[in-house]
Amino acid sequence: MEKKQEKKSAEQKVQAVKGRRRKEKTEAGAEDLQRKKALALEAIARLKEEYPDATCTLDYNEAWKLLVSVRLAAQCTDARVNVVVEDLYKRYPDVDALAEAPVEEIEKIVKPCGLGHSKARDISACMKILKESYGGKVPDQFDQLLKLPGVGRKSANLIMGDVFGKPAIVTDTHCIRLVNRIGLVEEIKEPKKVEMALWEIIPPKEGNDFCHRLVHHGREICTARTVPHCDRCCLQDICGKHGLGGQSNSGQRR
C-alpha cells in the first residue's frame, strides 16, 4: 500500500513539474509574441515613412493582367515582365483573346521571362477558366484564386490585396529574407509558414503595403547578393541582423 502511495506521489510530482514547464513555455511564448508585435509595428511605421508610395512593381491596369504578370514573374524580374507583357497585350488585348490564343504563340512572346512553355500553358488555361467560369473576371475569393492554374498563395495574396483591397501578406523572397533578418520570424524559410507567422503579428490592414515596402527595401538596402547597407537602413537600430554573421555595412541610422 505504501509503495503504491509513493509511486502515486512521485507521478504527481512529475506531472506538477511538467505543468509548471508548460505554463512557463506558454508565458514565454506570449511574451515573445508581444515583443514581435511591437517590433512589427515599429518596422511598419518606419518603412511607411521611408517608402510612402510603395506599390506593386508589376505594371497592370486590369485584374487579369496582374494575374498574367504574377505568373510570368516567377524566376524573372518584374522589370522584364513589364516589357514582355506590352507585346503580349498588343496581340491579345483581353481575356477572351488570350484564352483563344494558341499556347505556342503565347510561348513565343513570354519566352524571355524563362520557363516559357509552362508559363504559357498556365496562362492559357487560366484565361480559359476566367472566360468560361467567371465571365472574364478575376474571382475575389482566396480559395477560388488558388484553384487557377499557376496561382499559389503568394500570387493569390497579391491579387487579394492589390486588386480587391483585402488583407493580404505576400511572402516573396524579399519578404522572407527581411522578416528573418529583422527578427519578426525565426529561421523560417517556407513561404506559407512565414505567412502564417506574420498573420499573428501584422495588423491585417497593414499587411499588403508592408510587404510591398519590404520589396523596395530589399532591393535598395537589405540586399541579398551584396553586403546589405545597414548604415543607410531606417531599421538599423531595431533589426536583429539575423543570418548576416557580422557581414554588413554598419553605422548609425540616418
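Predicted model: local features only at pLDDT ≥ 70, side-chain atom pairs only at ≥ 80, totals over all residues.

Me: What makes up the secondary structure of the protein chain?
Reply: Helices (H or I, at least four residues) and strands (E, at least two) are DSSP runs, numbered from the N terminus. On that basis the protein chain has 11 helices and zero strands, and its pattern along the sequence reads α-α-α-α-α-α-α-α-α-α-α.

Me: Why is N82 called buried?
Reply: Buried means under 20% relative accessible area, exposed over 50%, and partly exposed in between, with a 1.4 Å probe and protein chains only. N82 has 11% relative accessibility, so N82 counts as buried. The residue is found in helix α3 (residues 78–91). Across the protein chain, 43% of the 254 residues count as buried.

Me: Which residues does N82 touch, not counting those up to four places away in sequence?
Reply: Contact means heavy atoms within 4.5 Å. With that exclusion, N82 touches T57, L58 and D59. For the protein chain, among contacts between residues at least 6 apart in sequence, 58% join residues at least 24 apart.

Me: Why is Q75 called exposed?
Reply: Q75 has a relative accessible area of 74%, so Q75 is exposed. Q75 lies in the loop between α2 and α3. Its phi is near 60°, a positive value in a residue other than glycine.

Me: Why does K241 count as partly exposed?
Reply: K241 stands at 24% relative accessibility, and therefore counts as partly exposed. The residue is in the segment after α11. Phi of K241 is near 55°, again a positive value in a residue other than glycine.

Me: How do you know that the buried residues of α5 line one face of the helix?
Reply: The buried residues of helix α5 (residues 103–110) are E105, I106, I109 and V110. Seen down the axis of α5, they fall within an arc of 125°, so they line one face. The arc is that of the directions from the helix axis to the C-beta atoms. An α-helix has 3.6 residues a turn, so residues three or four places apart point the same way.

Me: What is on the face of α5 turned away from its buried side, and what covers the buried residues?
Reply: The face turned away carries the exposed residues E104 and K108. The cover of the buried residues of α5 includes α2 (63–72), α3, α4 (95–100) and α6 (116–133).

Me: What makes a space a pocket or a cavity?
Reply: On a 1 Å grid over the protein atoms alone, a cavity is a set of points where a 1.4 Å probe fits but cannot get out, whereas a pocket is an open set with protein on both sides within 12 Å along at least five of seven lines. Lining residues have an atom within 4 Å of a point. Grid points are joined across faces, edges and corners, and a volume is the space filled by probe spheres set on the points.

Me: What is the volume of the largest pocket, and which residues are closest to its centre?
Reply: The largest pocket holds about 860 Å³ of space. It is lined by 30 residues, of which D78, D172, T173, H174 and R219 are the closest to its centre. The largest share of the lining, six residues, comes from α11.

Me: What makes lining residues of the largest pocket nonpolar, polar or charged?
Reply: Ala, Val, Leu, Ile, Met, Phe, Trp, Tyr, Cys and Pro count as nonpolar, Asp, Glu, Lys and Arg as charged, and the others, Gly among them, as polar. By this division the lining of the largest pocket has 11 nonpolar, 12 polar and seven charged residues.

Me: How many cavities of 30 Å³ or more are found, and what lines the largest?
Reply: A search of the whole structure finds three such cavities. About 70 Å³ lies in the largest cavity, whose lining residues include R181, C222, H229, C230, C233, C239 and K241. The lining of this cavity has seven nonpolar, two polar and two charged residues.

Terms used. Residues numbered from 1 in each chain as written. Heavy atoms only, no water.
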